[in-house]
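Student: Could we go through this structure together and check each label against its definition?
Tutor: Happy to, let's take a look.

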Amino acid sequence: MKWKNLRVTVLVGITLVSLGFNGYSFYNKPPKETNPTTKELVQTMGEISIQSNSESGVQGESVEELKKIIYKLPQVEKKLAFIKGVITEGNTVYLDLDEVEWFGGAAAEIAAKEDGVLEPESLPNGFYIRNASEEIKRVKLEPDVTIAELNGARHQQVDYTSFISEELMDRLFHLTFVEGKVVLLEEQYRP
């Protein structure tokens, strides 16, 4: 427990330093180049989340609160998408993504009813995935990306080379971007 509190304290400190160094971008405009401090912040948050999840099966409230703060930073964007292809051109790897929306509980019933896809009472496991567009978007995947894939119902961190050599088709991932660059991939559990 002491180690988890130390990790959260360190992450909060990194957040505050990041906010101090990046204050200009909050009030004016984001920097043109990827800010390594924000990227490292997002990846560190992802790694702590993976460790917390894999050790206890439940993420701490502090980690979840920190995620909410980080995802509000202007240079950070989060998307949910199915991987539809992995393309290698020379030494560069791209992911073809089909972006979707996730709904749970009452929101799942409303979304399914709006789409006319399912009767609300027949939703599997109480969630609904809306795919409003068949558009495929291609994003570059850098070797320094932090990746968390599911091992059963728990996340485990995997390295880039192992990840791109796996069968990834139709797996669902949360992608966190810092100024348009993918820095964190987290597989979505679907019961």
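This is a predicted model: local features need pLDDT of at least 70, side-chain atom pairs count only at pLDDT 80 or more; totals for chains, interfaces and linings use all residues.

Student: Why is Gln188 called buried?
Tutor: Buried means under 20% relative accessible area (1.4 Å probe, protein chains only), while exposed means over 50% and partly exposed lies in between. Gln188 has 18% relative accessibility, so it counts as buried.

Student: What makes the pairing of the Gln188 and His174 side chains a polar contact?
Tutor: The term needs a pair of N or O atoms within 3.5 Å; within protein, one must be able to donate a hydrogen and the other to accept it, and residues adjacent in sequence count only if both atoms are side-chain atoms. The side chains of Gln188 and His174 make such a contact at 2.6 Å.

Student: How do you know that the buried residues of α5 line one face?
Tutor: In helix α5 (residues 105–115), Ala108, Ala111 and Ala112 are buried. Seen down the axis of α5, the buried residues fall within an arc of 100°, so they line one face of the helix. The arc is taken from the directions from the helix axis to the C-beta atoms. On the other side of α5, Ala106, Lys113 and Glu114 are exposed.

Methods:
Residues are numbered from 1 along each chain as its sequence is written. Side-chain values use heavy atoms; hydrogens and water are left out. Helices (H or I, at least four residues) and strands (E, at least two) are DSSP runs, numbered from the N terminus.
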